[in-house]
Amino acid sequence: MKQKVEELIQAFQDDDWEVRNSAAYALGEIGPEAKGAVPALIQALQNQDEVGVRVSVAYALEQIGTSEAIKAAVPALIQLRFYRIRIQGCGTCSDPSISG
């Protein structure tokens, strides 16, 4: 399992956001056994511009569940939740100056 976790950590260096997203999600599916990936996930959480990747990284941290992982995931999940609410809310606004 350790080798698989290392390979998934290396995937965060890929230029393709979908590869990074899949790697983060896979680490979350591994759960607590992927605790060695926490530092890389925290770094990825801070450096990712892609919202989908940030969601998957926050999911992975939550699933790994160490105190360090949870401390990093909670603010990100709150920020992502506000982002989602803003996007969904503005998507239904009739005032173009608000939605856009």
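Which residues of H2 are buried? In this predicted model, they are Arg20, Asn21, Ala23, Ala24, Leu27, Gly28 and Ile30. What these residues pack against takes in three other helices: helix H1 (2-10), helix H3 (38-47) and H4.

The protein chain contains 6 helices and 0 strands, so its elements, read from the N terminus, run α-α-α-α-α-α. Of the 100 residues in the chain, 36% are buried. Among contacts with a separation of 6 or more, 54% join residues 24 or more positions apart. The accessible surface of the chain comes to about 6400 Å², and carbon and sulfur atoms hold 51% of that area.

Leu27, one of the buried residues of H2, touches Val5, Leu8, Phe12, Ala34, Ala37, Leu41, Ala60 and Ile64, leaving aside residues up to four places away in sequence.

H2 itself has 14 residues and reaches 20 Å from its first C-alpha to its last, close to the 20 Å expected at 1.5 Å a residue. At the start of H2, a side-chain oxygen of Asp16 comes to within 2.8 Å of the backbone nitrogen of Glu18. Beyond the other end, H2 is followed by Gly31, which has a positive phi near 80 degrees.

H4 can be read in the same order. Its 14 residues should span 20 Å at 1.5 Å a residue, and the end C-alpha atoms of H4 are 20 Å apart, which agrees. The buried residues of H4 are Val53, Arg54, Ser56, Val57, Ala58, Ala60, Leu61 and Ile64. After H4 comes Gly65, with a positive phi near 80 degrees.

Why does Arg54 count as buried? Its relative accessibility is 13%, and the cut-off for a buried residue is under 20%. The side chain of Arg54 reaches the backbone oxygen of Leu45 at 2.3 Å. Not counting residues up to four places away in sequence, Arg54 touches Leu45, Gln46, Gln48, Ala76, Gln79 and Leu80.

A pair of aromatic rings is described by the distance of the centres and the angle of the planes. A search of the whole structure finds 1 aromatic pair. The ring centres of Tyr25 and Tyr59 lie 5.1 Å apart and their planes meet at 15 degrees, so the pair is stacked; the cut-off for stacking is under 30 degrees. Because Tyr25 lies in helix H2 (residues 17-30) and Tyr59 in helix H4 (residues 51-64), the pair ties together parts that are 34 residues apart in sequence.

Technical notes
Residues numbered from 1 in each chain as written. Predicted model: local features only at pLDDT ≥ 70, side-chain atom pairs only at ≥ 80, totals over all residues. Heavy atoms only, no water. Phe/Tyr/Trp six-rings, centres within 6.5 Å; stacked < 30°, edge-to-face > 60°. Helix = DSSP H or I, 4+ residues; strand = E, 2+ residues; numbered from the N terminus. Buried < 20%, exposed > 50% of the residue type's maximum accessible area, 1.4 Å probe, protein only. Polar contact = N/O pair within 3.5 Å; in protein donor to acceptor, adjacent residues only side chain to side chain. Contact = heavy atoms within 4.5 Å. Expected span 1.5 Å × (residues − 1). Areas by Shrake-Rupley, 256 points an atom, 1.4 Å probe, with all protein chains shown as cover.
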